[in-house]
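Hello,

I am handing over a structure that is new to you, and below it you will find my notes on what turned up. I hope they make a friendly first tour.

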Amino acid sequence: MTDIDVFAAAPPAIPAAGERLPEFSRETSFDTWNRYAAVNDEFLGIHMDDEEGRAAGMSGAFGMGNMQIAYMHNLLRDWLDGHGRIVKVSAQFRRPNVKGRITVAATVVATRVQGDETFIDLDITSRHENGDILTPATATIAIGTVRETVDLGPG
């Protein structure tokens, strides 16, 4: 048996500090929040009814905070395209996700190599179409060497 390195597809190029990853954007509304609630068993009136949201002191119904974290994970997973892992995400909920388009953007802060992996530190923001930053965050992702043992037969 012979061991060789097999790369199914090239990992993404390592971005430099200051570079931005492609944005992730979604329209949010009752439909979106209802689907998210179905997955998380989070059917709360504040997410389903404008009157309930106003009774809670908001301008109307608002989306789940963890949905912003999910959108951040979507951006990172889409960019990694199976060639790495999300090491950590740390976020602060600052404003509610009211109906409208949400865009998540990530900017590279630093990169470093440790062993077979390159770690990429990012600043991330979730922003409402009205300009409000909903959830500032930081994240670290890692891209590593993909190794696989292949049996080439006798030899």
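V98 sits in the loop between β2 (84–91) and β3, where helices (H or I, at least four residues) and strands (E, at least two) are DSSP runs, numbered from the N terminus. With a relative accessibility of 21%, V98 counts as partly exposed; buried means under 20% relative accessible area, exposed over 50%, and partly exposed in between, with a 1.4 Å probe and protein chains only. Setting aside neighbours within four places in sequence, V98 is in contact with T28, W33, S59, A61 and H128, contact meaning heavy atoms within 4.5 Å. The C-alpha atoms of V98 and E129 are 9.9 Å apart, although 31 residues separate the two along the chain.

A word on the source: this is a predicted model, in which local features need pLDDT of at least 70 and side-chain atom pairs count only at pLDDT 80 or more, while totals for chains, interfaces and linings use all residues. Residues are numbered from 1 along each chain as its sequence is written, and side-chain values use heavy atoms, with hydrogens and water left out.

Now the overall layout. The protein has four helices and five strands, which follow one another from the N terminus as β-α-α-α-α-β-β-β-β. Of its 155 residues, 32% count as buried. Among contacts with a separation of 6 or more, 66% are between residues 24 or more positions apart.

Next, the sheet. The five strands make an open, antiparallel sheet in the order β1-β3-β4-β5-β2. β1 (24–28) and β2 are at the edges with a single partner strand each, so one side of each has no neighbour in the sheet. From one strand to the next, the twist averages 25°. Two strands pair if DSSP finds at least two bridges between them.

Here is the pairing, strand by strand:

- β1 and β3 are antiparallel over five bridges, and E27 has R101 in β3 as its bridge partner.
- β3 (residues 100–114) and β4 (residues 117–128) are antiparallel over twelve bridges. I102 is bridged to H128 in β4, the H128 that is also in contact with V98. The hairpin of β3 and β4 has two residues between the strands, and G115 takes a positive phi near 60° there.
- β4 and β5 (residues 133–144) are antiparallel over eleven bridges, with P136 in β5 as the bridge partner of T125. Their hairpin has four residues between the strands, and G131 in the turn has a positive phi of about 100°.

Finally, the helices. α4 lies across β1, β2, β3, β4 and β5, and runs at about 30° to β5. Axes are lines fitted to C-alpha atoms, for helices over the stretch in contact, and angles run from 0 to 180 degrees between N-to-C directions.

How do α1 and α4 meet, and at what angle do their axes cross? The axes of α1 (residues 30–40) and α4 (residues 65–80) come within 11 Å and cross at roughly 90°. That makes α1 roughly perpendicular to α4; angles of 65 to 115 degrees count as such, under 35 as roughly parallel, over 145 as roughly antiparallel and the rest as oblique. On the α1 side T32, W33 and Y36 take part, and they meet N66, M67, A70 and Y71 in α4. W33 is also one of the residues in contact with V98.

Enjoy exploring it!
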